[in-house]
Structures are given as C-alpha cells and as structure tokens.
Amino acid sequence: MASRLLKNRHVLGWLEAAPLTLVLLAFLIAPIVMIVIVSFWGATEFSIYPAFQFDNYEFLFGSPVTYRVFWATLKYAFITWALTLAIGFTVAYFLAFHVRSLTMQIALFLVCTIPFWTSNIIRMISWIPFLGRNGIANQTLISWGVIDEPLEWLLYSDFSVILAFVHLYTLFMVVPIFNTMMRIDKSLLEAARDNGASGFQTLIHVILPLTKPGIMIGTIFVVTLVMGDFITVRFMSGSQRANVGRLISNDIGLLQYPSAAATAVVLLGTVLIVIAILLRFVNIRKEL
Amino acid sequence: MAILAKPKVGYSRRSLLKTGGAALAATALPAPMIWAQDTKDIVLRQFGTGVSNLNDVANKVKEDLGFTLEMTALDSDSVTQRAATQPDSFDIADIEYWICKKVWPTGNLQAMDTSKIANYDKIVGIFRSGKLTPESEIAQGTAPHTVGFVEGPGGTSFASEETGWMTLIPTIYNADTLGIRPDLIGRPIESWTELLNPEFRGKASILDISSIGIMDMAMVCEAMGEIQYGDKGNMTREEIDKTMAIFTEAKRAGQFRAFWKTFDESVNLMASGEVVIQSMWSPAITAVKSRGIPCVYQPLKEGYRSWGGGIGLSSSLSGMELDAAYEYINWYLSGWVGGYLMRQGYYSAVPETSKNFMTENEWGYWFEGKEATDVITSPTGDTLAQAGETRDGGSFYDRMGAVACWNAVMDENQYMVRKWNEFIAA
C-alpha cells in the first residue's frame, strides 16, 4: 500500500517539493506575514501591543518626509543602476570579447573579485579618510593646484553615497553580464562582420539584445540591494541623507517596531512594483 | 566592623583580614569562611550602558567581595527596553535617571532601604535634596532627586523628598557641553548658539540619540532667544515642533557635517577636522587629546546639560542575592570605583571616599580644578594632561553648579521620537 502510494507520481511530486516549500514557508512567507500583521499593531515607548489600527500607515503617508525619502531611495537606485550598468557592461565586454585566452579571462575575472575579500563595511568606511576634508583626495588635488580650497562635497554627500554604492555593487552587474556574454555564439559575431556591420553596430544589434537577461539579473540585484540598504547611506552621508532603510532602522532603534513594519511593507511593495516593471521588458525565464 | 561581621553574605576572608584587622578576624574567622564559600557561588547579572559597565569593576568585585558580577553593556534604548520588559533577565540595572522614570512604573525594580547604605549621608546633595549646595537652584529636566525616592518598599509613584527608600543608588554623573577644536576656530566660544552659527556651516555636528540630542537642541534654541521653554525637560508639542523646525532649517542649509551615534564616530569627526564644534561626551574629548590634537570641553555661559546614572535592583532579587547586592552597593560607594571613574573625568556620588583612591595631584586636577602638578593618566595608563594644565570648566562645584538641565524623558516622548526621526530623514 505504502509503496504504491509512493509510486503515485502526484504524491511523489508533492513529496519532492515539500522540503523547499516548508523552508520557504518558514523563512520567507511566515516572516513577511508577521511583518504585515505587526504593521497594524500599536506601540508604547517600550512595548508593542496587538491591535488593528491604521495609525502607522496614517503617520507614514501623512508625513511629507516619507515622500522625500522614497524619492531619494529611487534616485539612489536609478543613478547607481545607470553607473553600475555602464561600468559593468564595459568590463564584461572587455573580458568576454577582448581578452582572448580563457586562462586570462578567468584570471582577470578573479581580479575583479579581490575587493570582496574584505567586508562590505570596511570597503565602505575606507572611503571616509580618503574623501575627507583633509583627506588624500583633497590634499592631492590641492598639491596639483587643481583646487585652492578642499572640496566639501566629496564626503557626507549624495556623491559619496553613490560612489560607495557603485564601488560595492558593480560586481553584481559584471558577473551576470559576463556570464551571458560568454554564452553568445561567436559565429553570430562573425556573421555580423561578414555582412558588413561595424563594431558599434554589432554591439547594438547583436551583443546588446543577447545580453539582456544578464543585464536584467544584474539590474534586479543592484536595485534591490540599493533600495534595501541603510548602512551605506548612514556612514557615507554622516546621517545627513536618508533612504527608506534608514527610516526603518531609526524606528527600530527607537523601539517603534510597528511603525518600522509599516514602512517595510510599503518598501516591499515598491520594490516588487519596480521588479514587476523590469520583468515586463525581459522574460528572464525564456532567455536563460 | 560589627556590621560586617554579622553572618550574612559579603566580605571574603581576605578583605575582612585587610579591613578588619587580625584581632577581629581571629574571632570571626570560622564564620566568614563559610560565607565565603556561599558567596563564591553567587552570580549577579548587571546590565547597563557602556560608561560604567567596566570589566575592571567586575574583576575587583570578585577580588574584594568574592562573588561574580556578570556585565552586559547595551545602548540606552536597549537598556530601557530590557529593564521594562524582561525583569528576570537581570539582577542589577545600571541605568540613567531618565530611564528610571520610564521603567519604575512597570514595577520591575525594588526600592532600596537607605539605612542599609553605609555612606548614604555622604552622597552628594544633587541626589538627595536636589541641591548641590544649599544655595543651588534645581535645574530643569529629569533631575535625579525627583525620581530618586518612593514612599515605601512597594511605592510606584515618586516622592518629592528623601523618604529612606531609594529607586537608584547614584553611581556616576557628569556635566556635558560642546566640544570644540580651538586651533581651527581661533576665537573664544561662549554660548550654545555657536552650534548654529553660519560661520561653522558644514563643520558642526550633533548626536543622533533623540533623548539627549533634543536637550542639546533646546539649549541652543533657548540661548538664541528663539524659544522660551516652560521646562526643557518636558516640552509641549508646540515647543518640540518649533525646536525641530529651527534645526531642520539649519540642516537643510548645510550647517551639519554629520550626525554621530557612537562614541568612536564623535572622536573621528573631531580628530579628522571634519567638525570643529559638536555635542560631545567627556571621555571623547580625552580620546581626541590623547592623539595630540587640541580639543576643549568648552564651558558655556548658559550652563551644562547633565546626566546621572545609578544602580537599581530587580524586584525578583531576594535572600542571599539581595544581601550580596547591598554589599555590592556599599562597596561601590566605598571609593575604589569612584576613584576609577573620577580619573576618567566622571564624578562619583560620594567624592570624599574616592579621594582615598586618588593621588593628591589627581584629586586636585579632576575635582578641585587645580593645575596638575604632574602628568595625569587615565586608569588604563594613557596620558590625559601634562603638569600645569587645568580641567576644562574648573572644579566640581564650578561644573556641577552650572547645570542648566538634566537628560530627561518627556510626557510627549513618543511624539518627540517621531519628530526626531523626521529630522534625521529631512
């Protein structure tokens, strides 16, 4: 009886899917459901109590700061995305099409990952003494005579935040793009050349369309990482700028968990909408 | 010594020998050996903010009293939360007075019988009558004596005067002001208004801890003459809104280089010259100075923003552990810890006992505001001042006598917290 049950392909299918389903239920669905529930709760100064009220959302949507902060978050995401895409695509293109030997390709690719041998935070914080008012960058520029006064906007500004983001996340763009580029059939490039396409035309009409899935995966990585970040913004702006992650982390620091949960729910919604829009452009599953 | 020889937990054989003398020890020796045995197994769990949760103290407790003190250091928000929501997770809460105001109504702490505190009469007036000297005026905010006493063992509301039942036994306190880089400013700084002076655009900073930051803001706004507060420590919503509006405008105009949240950040901002004027804590000034960079804890004419901390006992503490906790408190006030803290620039609740654990030079420099006659070093051995230097702000009475307000928790605290979050995000 039991063995027959096990041979039934429906039962077997369910059994095979069960472990992953359980893991996802416990570690993905349940926490999100919990966050949504808590976002309707109330908070006193040092405790939270169950309730069903819209206070948290009311305060969130009622404050002009919220809209500014969401706008800043999207701005960071967009600028970082544009820069990492430009740099990431160029690097991947160079690796995939200009470096001929496979050994060299692998070696150079590993070089790209060297910064990742240290922690995220260290890579970020090491910018601070470099960009500071009396930092290396300013001192060098002054000694070259390029500037007379130290540049204030180098540190604790949007510039430094975006610089750190680009530094931290470009590799997430390089890897998937490089991966898809390596899988482009080289004969397609030869065919393009034989038909008289210039290098630029080949890039635009052959390579770019074929690299789209890689670009899309990299985009999703970068956009979600930037939109969910709070520590980079805090350190690189000296707490002078804010994104949604900072809003949430401030709330948590002040023990306002329901309010933090409400902000998180809205952020989650925003990110999902952004990704849904991105997926309208490229069907990743079809192209993989 | 009769008190000590009573059969209760406490002094180990060794400290008894040291303090009690051989004659007494000879007669009482059998008994203390037994207590020492019991005492050895006692573990008291203390948690609090970093300032006084020092491993050196735990080691010294083990050495002098025989029992084990487990220390956990947390930030103020976590301390508040834990004291309020997890009464069984600690025996001793080392908290600030404004936290006490929040936590006491939960009933998680028990009142302490001052008749069991040997040095109670020597505790500084600030913590008893509220007055440093009989002529002193009581500052605004959560002044320690206003939340220092309850009517009796089970009292839930604070008493207005000394009752013999204390909520916290005061241990550490100080007067805070702005830190400046005199070499980069190059002129005298006298008022809190300088924090928002456009001259320092992009070179000022304030701390991003709402309950303390709001007080610094209030000192500035009041000094500017923009706002007259009824009580800076208990603002109305309008006062909070006005204060935040002034600072939000300054922030948008680029007045602040950065906000800091941790001790290290404040040190780095100042030492690197990113910031020349900012809210700061006393040991942070010392840390900047120890790098050879000039830094002054500038006394200002409007006065200081002060804070105080103390030890509270968990309501679940009883029996031998409770006795041990009282021993610990008595030991705390008996001078060694006080000397240790005062050599870092804080003040002890019973300065006169601490004097015995400081050199004349150290006492003169830290407490009396005199010129150092020799090099001043911290308890860990760093050089803090050279001979001939004096402490910023002068003597104990100069500094603690000029307190304008105490760190506080307001009735409108939650509103303030939300506004604070907006200010940070603005």
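Visitor: How many residues of chain A are in contact with chain B?
Guide: The model is predicted. Two residues are in contact if their C-beta atoms lie within 7 Å. On the chain B side the contact takes 25 residues, and on the chain A side 24.

Visitor: Which element gives the largest share of the side of chain A that touches chain B?
Guide: Helix H4 (64-98) and helix H13 (244-253) of chain A each give two or more residues to that side. The largest share is 5 residues, and the helix that gives them is H13(A).

Visitor: By class, how many residues on that side of chain A are charged?
Guide: The side of chain A that touches chain B has 9 nonpolar and 10 polar residues. The charged residues there number 5.

Visitor: What distance separates the centres of the two domains of chain B?
Guide: The domain assignment gives domain 1 as 82-172 + 306-357 and domain 2 as 178-302 + 395-425 of chain B. Taken over C-alpha atoms, the separation of their centres is 27 Å.

Visitor: Which element gives the most to the side of domain 1 of chain B that touches domain 2 of chain B?
Guide: The contact takes 18 residues from domain 1 and 19 residues from domain 2 of chain B. On the domain 1 side, helix H6 (97-103), strand S6 (140-141) and strand S14 (304-314) of chain B give two or more residues. The most, 3 residues, comes from H6(B).

Visitor: How many residues on that side of domain 1 of chain B are nonpolar?
Guide: The side of domain 1 of chain B that touches domain 2 has 7 polar and 3 charged residues. Its nonpolar residues number 8.

Methods. Residues numbered from 1 in each chain as written. Chains lettered and ligands numbered in written order. Predicted model: local features only at pLDDT ≥ 70, side-chain atom pairs only at ≥ 80, totals over all residues. Helix = DSSP H or I, 4+ residues; strand = E, 2+ residues; numbered from the N terminus. Nonpolar A, V, L, I, M, F, W, Y, C, P; charged D, E, K, R; others polar. Domains from an automatic or database assignment.
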